[in-house]
Amino acid sequence: MPCMWMDEEIRGEDLRERLKERRRGKVDVRIGKKGVTESLLEEIKRRLEKHGAVKVKVLRSARASPGFNREEYAEEIARAVGGVLREVKGYTFIIVKKDR
């Protein structure tokens, strides 16, 4: 699946390399006890526009509610910021910029 990266379309090997960088790198945004707020979504959008991919971690305090489903949670956040959920591992996920 191609995606946009800093106003250029990337595919194949280049996309894999950039995602590999994001996987190995530190978490960009952490979701804590306040949960998903407007300011959190704005921060994810800003980082998505700047870097093309954002690594997000859901802390224990945010997932304390009964019936918490990490995949659904990640998908909802990706949809809210206009991105595409690329990967979910544990309580960490990566969102990439949507194709134009």
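**Exercise 1. The chain as a whole**

What percentage of the 100 residues of the chain count as buried?

*Solution.* The model is a predicted one, in which local features need pLDDT of at least 70 and side-chain atom pairs count only at pLDDT 80 or more, while totals for chains, interfaces and linings use all residues. Residues are numbered from 1 along each chain as its sequence is written, and side-chain values use heavy atoms, with hydrogens and water left out.

Step 1. Apply the cut-off: buried means under 20% relative accessible area, exposed over 50%, and partly exposed in between, with a 1.4 Å probe and protein chains only. By this rule, 39% of the 100 residues are buried.

Step 2. List the elements. The chain contains three helices and six strands, where helices (H or I, at least four residues) and strands (E, at least two) are DSSP runs numbered from the N terminus. Along the sequence their pattern is β-β-α-β-α-β-α-β-β.

Step 3. Consider contacts (heavy atoms within 4.5 Å). Among those with a separation of 6 or more, 61% join residues 24 or more positions apart.

**Exercise 2. Two helices**

Describe how helices H2 and H3 meet.

*Solution.* Step 1. Helix H2 covers residues 38–51 and helix H3 covers residues 70–81; their axes come within 9 Å and cross at roughly 70 degrees. The axes are lines fitted to C-alpha atoms, for helices over the stretch in contact, and angles run from 0 to 180 degrees between N-to-C directions.

Step 1. This angle makes H2 roughly perpendicular to H3, because angles of 65 to 115 degrees count as roughly perpendicular, those under 35 as roughly parallel, those over 145 as roughly antiparallel and the rest as oblique.

Step 2. On the H2 side, Leu41, Ile44, Lys45 and Leu48 take part; they meet Ile77, Ala80 and Val81 of H3. The residues of this contact comprise six nonpolar, no polar and one charged. Here Ala, Val, Leu, Ile, Met, Phe, Trp, Tyr, Cys and Pro count as nonpolar, Asp, Glu, Lys and Arg as charged, and the others, Gly among them, as polar.

**Exercise 3. The nonpolar core**

Which residues have the most contacts inside the largest nonpolar core?

*Solution.* Step 1. A nonpolar core is a set of buried Ala, Val, Leu, Ile, Met, Phe, Trp, Tyr and Cys residues joined through side-chain atoms within 4.5 Å.

Step 1. The largest such core has 18 residues, and the most contacts inside it belong to Ile31, Ile44, Val56, Ile77, Phe93 and Ile95. Two or more residues each come from strand E3 (29–31), H2, strand E4 (53–58), H3 and strand E6 (92–97). H3 gives the largest share, five residues.

Step 2. Take Ile77: beyond its neighbours within four places in sequence, it contacts Ile31, Val36, Leu41, Ile44, Phe93 and Ile95.

**Exercise 4. Individual residues**

Are Ile95 and Glu87 buried or exposed?

*Solution.* Step 1. Ile95 lies in strand E6 and is buried, with a relative accessible area of 0%. In sequence Ile95 and Gly83 are 12 residues apart, yet their C-alpha atoms are 6.0 Å apart in space.

Step 1. Glu87 belongs to strand E5 (residues 83–89). Glu87 is also buried, at 16% relative accessible area. Leaving out residues up to four places away in sequence, Glu87 touches Arg23, Thr92, Phe93 and Ile94.
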